[in-house]
Amino acid sequence: MTSASFSPSASVPLQQDAAIIGLVGLAHGSSHFAHLLLPLMFPVFMIEFGLSFSELGLLMTTFFVVSGLGQASAGFLVDHVGARPLLFVALGIFVVACGLASMVTGYSGLISVAALAGLGNATFHPVDFTILNQRVSAPRLGHAFSAHGLTGNLGWAAAPVFMAGITSLYNWRAAYVAAALMYVAIFVLLYLHRDKLSTQAVQHPASGPTEHSMAFMKLPVVWWCFSFFLLSTMTLAVIQSFSVSILKAMHGISFEAATLTLTAYMLCGAVGMFVGGFIAARAANSDRVVAVAMTAGALLLALCGTGLFGATGTMVVLAATGFAVGIGGPSRDMMIKKATPKGATGRVYGMVYSGLDVGFAISPVLFGVFMDRGWYGATLLGAALVLLLSVVAALGVGLRTAGRAKTA
């Protein structure tokens, strides 16, 4: 199986690469914004609808189960029909999900919103990485991955400010209406520049042996990548879903200050990804960079769980955790690229990044039980332990990628 590609060379103008990277980054940021559409309103939903932490956790499980199943399937569609059509469909789904969220009257409505938003989220990673790998010149690919991760973090960072700000000025329903309008604007902008987002589908050879489209799933390295995303994302889900509530419960921090701390975590993660882009462009062993970054993040998060630093200190250390984890982001994406068989970009990224969705699905339910029992520090310590386990998976990816290269 071969994949037709635009194969941009090193002579491609920087302006062209930058435009493509910027548009894909905007799309990626919008998908990360959607991750927080529901969690940011958890304190509101608890009062408005009388929900428990476990019930709130189930909302995110619904979101990411749908997203994970959809993402694995979307990878195949991207390889066969191209990335751009699926991108526009996903943005349209986000518009509908936000509109529905503004009108919900109970828990069943929230479940529906979670499922719909999860479906919209499903396409972004296979879409984004297919566009970047086909349309961005090879020498700038490390920086493209850095920008991709950075804009994702900026989407996470923007969501608390956007949603909490509009809620404080008007109400939570108005915040969802504003989010729907934001997605409409993004759709229009990307449509106007749609020529920069086109990709070519996988072409099967007219003669000769054809590799089965599922053959990549036999590679152990694909499942090690999947495991890494599952484990590392479980930690991120704790921070996104429960850090605001944990800071309020452990240290009496106000909702506004705790929300700003979550924003600071995401912004520090974006800075870390910017720095990590330069590291990824030069580092030969991407897996080791990832391992060091995740180990540092796990240690900082564990310190937050001890409660030794008080309110201000914990907020600062939590933000620093984002920087540590962010540094490993671009190297993580390079690690996956090196492990991806030729002509299977959409499928591999769809399958591997569905591990991210599985982690997001499992974590809120598991750690929601901790939260319901008042084990706030233990929740952070448990998240730190899971992040350390992801280090083992990253090193496993590196070993198997190197072994496959030697036998190729």
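Modeller: In helix H2 (residues 42–49), Phe42, Phe45 and Phe49 are the buried residues, where buried means under 20% relative accessible area, exposed over 50% and partly exposed in between, with a 1.4 Å probe and protein chains only. These residues lie on the same side of H2 because they cover an arc of only 55° around the axis, the arc being that of the directions from the helix axis to the C-beta atoms. An α-helix has 3.6 residues a turn, so residues three or four places apart point the same way. Helices are DSSP runs of H or I with at least four residues, strands are runs of E with at least two, and both are numbered from the N terminus.

This is a predicted model, in which local features need pLDDT of at least 70 and side-chain atom pairs count only at pLDDT 80 or more, while totals for chains, interfaces and linings use all residues. Residues are numbered from 1 along each chain as its sequence is written, and side-chain values use heavy atoms, with hydrogens and water left out.

Contact here means heavy atoms within 4.5 Å. Just after H2, Gly50 has a positive phi of about 65°.

As for the rest, the protein has 14 helices and two strands. Of its 408 residues, 56% are buried. Among contacts between residues at least 6 apart in sequence, 86% join residues at least 24 apart.
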